[in-house]
Amino acid sequence: MSVIALLGSVEIGLVYALVAFGVYLSFRVLNFPDLTVDGSFPLGAAVAATLITKGVDPYLASFAAILAGAAAGLVTAVLNLRFGILHLLASILTMTALYTVSLRVMGGPNVPLLMVDTVLTPFQGLGLQDYWLKPIVFAVITLLVALLLARYLNSASGLALRATGSNPRMARANGISTDATTYLGMGLSNGLVALAGALFAQANGFADVTMGIGTIVIGLAAVIIGETLLPARSVLWMLLACLAGSVMYRLAIGFALNADTLGLTASDLNLMTAILVGLALILPRLKREAASRRARRARTAQPTAARPTAGDAP
Amino acid sequence: MIRCSDLHLTFNRGAPTERLALRGVTLDIPAGEFVTVIGSNGAGKSTLLNALAGDYQPESGAITIDEQDVTAWPSHRRAGLVARVFQDPLAGTCGDMTVEENLALAAGRGTRRGFSLALDSGRRDRFRETLRDLGLGLENRLGAQMGLLSGGQRQSVSLLMAALQPSRILLLDEHTAALDPKTAAMVMALTDRIVQDQKLTTLMVTHSMRHALDHGDRTIMLHEGRIVLDIAGDQRKGLTVQDLLDQFAKVRNEALDDDKLLLG
């Protein structure tokens, strides 16, 4: 794997870390399985790319993408909270609708971003090669977002958000409007995913309506890899673990694609991702089952040894 | 002053499983009074508490707290006036958050939650002092996950959390029922101390007639959604559990007689 390919993987991993933050917010913090992200990622890309080609400042365009993504998240939340549609189904409805919205925004299936200013343009005079510049800029942006998000989740309002996902009844008993916090969290989550889409489009020079397929699985993969490899308790460490998980996932994919002996091509990416996430979900369970089997065997082997008491944790 | 006037509440209205949970409950609780509530399963004890907290909306009747009609308020809006401890020790706290984060959540009850940090050294010191009073050694475990604590510890912390912010009424829903007898006694003693120290208006549902008579100033008995016994003061002082059981048996027979009249 060449240095350029390696840095390319890191760069994509850093962009998708924002997706991982969004997925962490919805799936883990709010306990709201949200598939809207498959639609809000290309929506963010579409909004940013279209605005940039119309001459809008790339930073302003990226901010508009965040707002568009947040609006998409709110639609899902309204469908679920106000109209009682199951969260998964509500998010699939929004995701389906967003496909058309993105097409309409772009006026076609894709928008090329060639010879225009992007968020990277201001740093291009620094004399760094693009393949170094992009990962560095994205690392700064992603770390900044992680710090801000962690700071928010440790604020009084952020605590209310976390309580909503952890124990909604207790949250309400403590004066938290769980509806309000869910709207907020879903907006924030999809805003972050749309930002990732906007940055991805600017780094790669195009926005395409099909670029969102599998976003949710990639985001989940990053969160699960992060949680498994770096189990952390504080919110900031958890977010950094998501970030690391996202980069590691991309590196693993990069190595697999570059290993000629495996004979894998880019089109095999989705299957590999699904297998990877599947394994990450299955392995902890198999490990637990093996551990309890071992414990049972150890007990039957020594019948006189201390028997488990009611207080024993499983 | 808490006032419930003629509360009616039906579950599954119109369905074969329709159940009249409250059938005209009228109850005045003056400020500072500690009321214990007893009654058999399905008598409406928990329903009354949940209606006061705002989890259930009564079909008719009104609930006023300090002359303010709160009947239509959802539970999160009422939380500034109503503090509660649930029966299940897991229900009153967030298991995947730390002890200090749970306390910070409760300290924000009835306030606007802004973007300033939920925990600072001043708050931590205050929480540490409050936890020290418990005598459970929790003052050294502020950063521990709530889920690692035992049921009794979690319920004690829930009680502290309910009392961190002022409230008009404290609702205790069989909050010792899930604990072993020794822990239950510890939590009951803590309840008495907190209620007396802060002069809290309290409504405590209990399954134990003993607890109902030993604690508080007044005891009410619910049966089939109605208050059938309401005793306080001297009348209550001499009462034994046996007296209460006799009363209960009498009430039940009367209720049966009523039904016979209706049906016959």
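Q: Is α11(A) well covered or hardly covered, and how many of its 33 residues are buried?
A: Hardly covered: the count of buried residues is one. Keep in mind that this is a predicted model.

Q: Where does that helix sit in chain A, and what is its reach from first C-alpha to last?
A: Helix α11 of chain A covers residues 269-301. The reach is 47 Å, close to the 48 Å expected at 1.5 Å a residue.

Q: What else is in chain A, helices and strands?
A: Chain A has 11 helices and two strands. From the N terminus, the order is α-α-α-α-β-α-α-α-α-β-α-α-α.

Q: How much of chain A counts as buried?
A: 47% of its 314 residues.

Q: Switching to chain B. What order do the strands of the sheet take?
A: β2-β1-β4-β5, four strands in an open sheet with antiparallel pairing.

Q: Which ones are the edges?
A: β2 (19-29) and β5 (68-69) of chain B, each pairing on one side only.

Q: How many bridges join β1 to β2 there?
A: Eight, with β1(B) spanning residues 2-11. In β2(B), B:R19 is the bridge partner of B:F11.

Q: Which helix packs on that sheet?
A: Helix α1 of chain B, residues 45-53. Helix α1(B) touches β1, β2 and β4 of chain B, and its direction makes about 65 degrees with that of β2(B).

Definitions and conventions. Residues are numbered from 1 along each chain as its sequence is written. Chains are lettered from A and ligands numbered from 1 in the order in which they are written. This is a predicted model: local features need pLDDT of at least 70, side-chain atom pairs count only at pLDDT 80 or more; totals for chains, interfaces and linings use all residues. Two strands pair if DSSP finds at least two bridges between them. Two residues are in contact if their C-beta atoms, placed from the backbone, lie within 7 Å. Axes are lines fitted to C-alpha atoms, for helices over the stretch in contact, and angles run from 0 to 180 degrees between N-to-C directions. The expected span of a helix is 1.5 Å times one less than its number of residues. A residue is buried if 20 or more other C-beta atoms lie within 10 Å of its own, exposed if 12 or fewer, and partly exposed in between; C-beta atoms are placed from the backbone.
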